[in-house]
Amino acid sequence: MASIIDNQRDGQVREILEQRFLRYRRDPGVTPDPDDVEVTPEWSLTIPATPCLEQAAGSFRRFCSACMDVELAAGDGPAITLAIAADAPAGEGFRRTVTAGGITIESAGERGLLAGAMRLL
């Protein structure tokens, strides 16, 4: 019985969080500065295959689609990459590297990767 309640609660929490984030919208009149990196439909999202991160990636993709008008591709273009790295910060800490070819977020664990992905938004 506890798992049914947990699943319902998790779904409700997810719905509340998504409603909160979905209020943000990309301003189509804004152009990126020369030093900015613009995420476009050619970009993809690469994550470690864990249930937690796969769920978070789904939410991230929905946010990009609904709020930023960007459908992240699956392919060889630039990528937002979440990676677990032993030498990266632990806990909610993360290391972010941004280049024209991609954005990499590294952390010692899932919590840091989630924190890094949320800060991209």
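Good morning. I begin with a cysteine: C52 counts as partly exposed, because its relative accessibility is 32%, which lies between the 20% limit for buried and the 50% limit for exposed. Please keep in mind that the structure before you is a predicted model.

C67 illustrates the point. The closest cysteine sulfur to that of C67 belongs to C64 and is 8.7 Å away, so the two are too far apart for a bond; a disulfide would require the sulfur atoms to be within 2.5 Å. C67 also counts as buried, because its relative accessibility is 1%.

Let us turn to the helix that holds these residues. Helix α2 covers residues 51-68, 18 residues in total. From the first C-alpha to the last, α2 reaches 25 Å, and this is close to the 26 Å expected at 1.5 Å a residue. Which residues of α2 are buried? They are L53, A56, A57, G58, S59, F60, F63, C64 and C67. Just after the helix comes D69, whose phi is positive, at about 55°.

I now move to the nonpolar core. The largest one in this model has 15 residues, and those that touch the most other members are V39, W43, L45, F60, L72, I80 and I103. At least two residues of this core come from each of α2, β2, β4 (102-107) and α3 (110-120). Which element gives the largest share? That is α2, with four residues.

If we set aside its neighbours within four places in sequence, V39 is in contact with R26, V70, L72, I80 and I103.

Is E71 buried or exposed? E71 counts as exposed, because its relative accessibility is 53% and the limit is over 50%. Not counting residues up to four places away in sequence, E71 touches P41 and S65. With S65 there is a polar contact between the two side chains, at 2.4 Å. The C-alpha atoms of E71 and R61 are separated by 7.1 Å, although these residues are ten apart along the chain.

To close, I return to the contrast between two residues: C67 is buried at 1% relative accessibility, whereas E71 is exposed at 53%. Thank you for your attention.

Technical notes:
Residues are numbered from 1 along each chain as its sequence is written. This is a predicted model: local features need pLDDT of at least 70, side-chain atom pairs count only at pLDDT 80 or more; totals for chains, interfaces and linings use all residues. Side-chain values use heavy atoms; hydrogens and water are left out. The expected span of a helix is 1.5 Å times one less than its number of residues. Buried means under 20% relative accessible area, exposed over 50%, partly exposed in between (1.4 Å probe, protein chains only). Contact means heavy atoms within 4.5 Å. A polar contact is a pair of N or O atoms within 3.5 Å; within protein, one must be able to donate a hydrogen and the other to accept it, and residues adjacent in sequence count only if both atoms are side-chain atoms. A nonpolar core is a set of buried Ala, Val, Leu, Ile, Met, Phe, Trp, Tyr and Cys residues joined through side-chain atoms within 4.5 Å.
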